[in-house]
Amino acid sequence: MANVVFITGATSGFGRAAARRFAKDGWSVVICGRREDRLKALAQELSASVPVHYHVLDVRDAAAVKEAVASLPEPFKQVKSLINNAGLALALAPAQKVDLDDWHTMIDTNIKGLVNVTHALLPTLIETGAGASIINVGSTAGQWPYPGSHVYGASKAFVQQFSYNLRCDLLGTAVRVTDLAPGMAETEFTLVRSKGNQAASDALYGTTTPLSAEDIAEQMFYIATLPDHMCINRIEVMPLRQAWGPFAVDRDK
């Protein structure tokens, strides 16, 4: 029986690249996301080589998540790897200038959505046992603050701590948990955050060499296919051309 990977946020970026990477190695793929047209197109692409099941899903809806997991067709039920990829950043402005709704959307997606999917699939992953893995997509923003990160960075700090604490609770079950924390990567991330501002996206990525979605998908596949006795607790990966700056200092004019 083929290994099964369950991927949230599969309609773009890391999630879509992950689906392609796992399919390349013969895994059966469950892809979830809110944009049905993209899910259909990706499912059609991948189904030429591997079994694919897609489910239109908003991870913020706990009841819908539970139903999606419960209704998986038989060949896809025994999930071996969960990739909690669904998430987003909103609100480029300083905290004091942002819309509260943007904060709530990030909390509901990046935190509640991740918790909803994890809780729904934990019994399956524990039953799968040896080799099972949960890969939570965090961010360098969860470890390193920067202006404008406010709730986004805080939500990714949650991902790190939730991953670590989940590892403690799952000790003895053979289920592995990893916080995969990318740095700058060129996806739709900035387009979403800037609400469609292509110039802002081009300005961020255009004059440097960011990570690609495929770079992160390779890390996901590596984590998921480690020997059963190994678990990587956290991977933080940046492009070579990204590093840390000095502390900001407010000075008299």
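Entry 1: I began with K112, which at 45% relative accessibility counts as partly exposed; here buried means under 20% relative accessible area, exposed over 50%, and partly exposed in between, with a 1.4 Å probe and protein chains only. K112 forms a salt bridge with D108, the closest N and O atoms being 3.4 Å apart, where a salt bridge is a side-chain nitrogen of Lys or Arg within 4 Å of a carboxyl oxygen of Asp or Glu. D108 and K112 are four residues apart in helix α4, so about one helical turn separates them. D108, at 25% relative accessibility, is also classed as partly exposed.

**Entry 2: the basis of the values.** I note that the model is predicted, that local features need pLDDT of at least 70 and side-chain atom pairs count only at pLDDT 80 or more, while totals for chains, interfaces and linings use all residues. Residues are numbered from 1 along each chain as its sequence is written, and side-chain values use heavy atoms, with hydrogens and water left out.

Entry 3: How many salt bridges does a search of the whole structure find? The search gives 10. I looked up the one between R35 and E188, whose side chains meet at 3.6 Å, N to O. R35 lies in the loop between β2 and α2 (36–46) and E188 in the loop between β7 (185–186) and α6 (189–193), so this pair ties together parts that are 153 residues apart in sequence. Helices (H or I, at least four residues) and strands (E, at least two) are DSSP runs, numbered from the N terminus. R35 counts as partly exposed at 33% relative accessibility, and E188 counts as partly exposed at 22%.

I then turned to D102 and K195, whose side chains meet in a salt bridge of 3.5 Å, N to O. This pair links distant parts of the chain, with D102 in helix α4 (residues 100–128) and K195 in the loop between α6 and α7 (198–205), 93 residues apart. Is each of the two buried or exposed? D102 counts as buried at 11% relative accessibility, whereas K195, at 61%, counts as exposed. I also recorded a network of salt bridges that links R21, D25 and E218.

**Entry 4: S12 and its surroundings.** I found S12 in the loop between β1 and α1, where it counts as buried at 15% relative accessibility. Leaving aside residues up to four places away in sequence, S12 touches R35, R38 and E188, contact meaning heavy atoms within 4.5 Å. The side chain of S12 makes a polar contact with the side chain of R35 at 3.4 Å; a polar contact is a pair of N or O atoms within 3.5 Å, where within protein one must be able to donate a hydrogen and the other to accept it, and residues adjacent in sequence count only if both atoms are side-chain atoms.

**Entry 5: the sheet.** What is the order of the strands in the open sheet? Its seven strands run β3-β2-β1-β4-β5-β6-β9, with parallel pairing, two strands being paired if DSSP finds at least two bridges between them. The edge strands, each pairing on one side only, are β3 (52–56) and β9 (234–237).

I followed β1 (residues 4–7), which four bridges join to the parallel strand β2 (residues 28–33); in β2, V4 has S28 as its bridge partner and V5 has V29. β1 also pairs with β4 in the parallel sense over three bridges, and F6 stands opposite L82 in β4. In a regular strand the side chains alternate between the two faces of the sheet.
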